Amino acid sequence: MKVIREKYQVSMWMFITCGVWLIGLGFYFIAIRPPLLPEDSRFMGTSLAEIQKALPGLEYWLKKVFIVMGGFMASTGALTLFVASIVIPLRLKGTTWAIASTGALSVLLMSAINFSLHSDFKWMLLVPSTVWGVGFVLYVLGR
């Protein structure tokens with residue numbers, strides 16, 4: 001197993017990094033992220049005050065939504081850590097499909113949506129997508 005582990009060391013660490021990042025992002029959404037960011041009202045073409053007046057319970061509801069979403073992010077990160085540290089070195093059947101679909105449905109989709117929204121964080125969110133993509137390519141090429 002040592003030879004297998006060394007062969008996939010770089011991709012393994014790239015996915016471990018993504019897993020840790022997802023856990024951190026999840027905790028950010030659970031504990032720190034405000035319900036509405038300045039970019040949210042800018043995207044909607046209105047002010048925060050107008051949103052609060054029109055939908056007085058929105059921020060309370062969004063905070064609950066972000067807690068749930070953050071939990072899903074953190075759990076995806078935890079599973080990514082497991083896959084990266086245990087499954088990737090073993091090259092178990094289905095690993096390629098699992099890391100491809102997980103990356104596409106998490107970091108890649110989030111990055112794409114943030115670009116479509118012209119988010120202030122779009123370039124920062126491109127970093128984990130790039131790390132995931134490079135890690136995937138290195139994993140596949142390691143055959």
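A: Buried means under 20% relative accessible area, exposed means over 50%, and partly exposed lies in between. By that cut-off, 34% of the 143 residues of the chain count as buried. The model is predicted.

Q: What makes up the secondary structure of the chain, and in what order do the elements run from the N terminus?
A: The chain has seven helices and zero strands. From the N terminus on, the order is α-α-α-α-α-α-α. Along the principal axes, the C-alpha atoms fill a box of roughly 60 × 25 × 20 Å.

Q: Why is the contact between Asp40 and Arg33 called a salt bridge?
A: A salt bridge needs a side-chain nitrogen of Lys or Arg within 4 Å of a carboxyl oxygen of Asp or Glu. In the pair Asp40 and Arg33, the closest N and O atoms are 3.6 Å apart, so the pair meets the cut-off of within 4 Å. Asp40 and Arg33 are both buried.

Q: How many salt bridges does a search of the whole structure find?
A: The search finds two salt bridges. One of them joins the side chains of Arg42 and Asp120, with 2.5 Å from N to O. Because Arg42 lies in helix α3 and Asp120 in the loop between α6 and α7, this pair ties together parts that are 78 residues apart in sequence.

Q: Why does Arg42 count as partly exposed?
A: The relative accessibility of Arg42 is 49%.

Q: Which loop holds His118, and why does His118 count as exposed?
A: His118 lies in the loop between α6 and α7. Exposed means over 50% relative accessible area, and His118 has 57%, so His118 counts as exposed. The phi of His118 is also positive, about 55°, although His118 is not a glycine.

Q: Which residues form the nonpolar patch on the surface, and which helices each supply at least two of its residues?
A: The patch is formed by Phe43, Met44, Leu109, Ile113 and Leu117, which together have about 470 Å² of accessible area. Helices α3 (38–44) and α6 (95–116) each supply at least two residues of the nonpolar patch.

Q: What is the volume of the largest pocket, and which residues are closest to its centre?
A: The volume of the largest pocket is about 790 Å³. Among its 34 lining residues, Phe29, Arg33, Met69, Met110 and Asn114 are the closest to its centre.

Q: Which helices supply the lining of the largest pocket, and what is its make-up by class?
A: At least two lining residues come from each of α2 (9–31), α3, α5 (58–90), α6 and α7 (122–141). Helix α6 gives the largest share, eight residues. By class, the lining of the largest pocket has 25 nonpolar, six polar and three charged residues.

Key. Residues are numbered from 1 along each chain as its sequence is written. This is a predicted model: local features need pLDDT of at least 70, side-chain atom pairs count only at pLDDT 80 or more; totals for chains, interfaces and linings use all residues. Side-chain values use heavy atoms; hydrogens and water are left out. Patches are made of residues with over 30% relative accessible area and no salt bridge: like charges are joined within 9 Å, nonpolar side chains (Val, Leu, Ile, Met, Phe, Trp, Tyr) within 5 Å. Accessible areas come from the Shrake-Rupley method with a 1.4 Å probe; for residues, only the protein chains shown count as cover. Helices (H or I, at least four residues) and strands (E, at least two) are DSSP runs, numbered from the N terminus. On a 1 Å grid over the protein atoms alone, a cavity is a set of points where a 1.4 Å probe fits but cannot get out, and a pocket is an open set with protein on both sides within 12 Å along at least five of seven lines; lining residues have an atom within 4 Å of a point. Grid points are joined across faces, edges and corners, and a volume is the space filled by probe spheres set on the points. Ala, Val, Leu, Ile, Met, Phe, Trp, Tyr, Cys and Pro count as nonpolar, Asp, Glu, Lys and Arg as charged, and the others, Gly among them, as polar. Buried means under 20% relative accessible area, exposed over 50%, partly exposed in between (1.4 Å probe, protein chains only).
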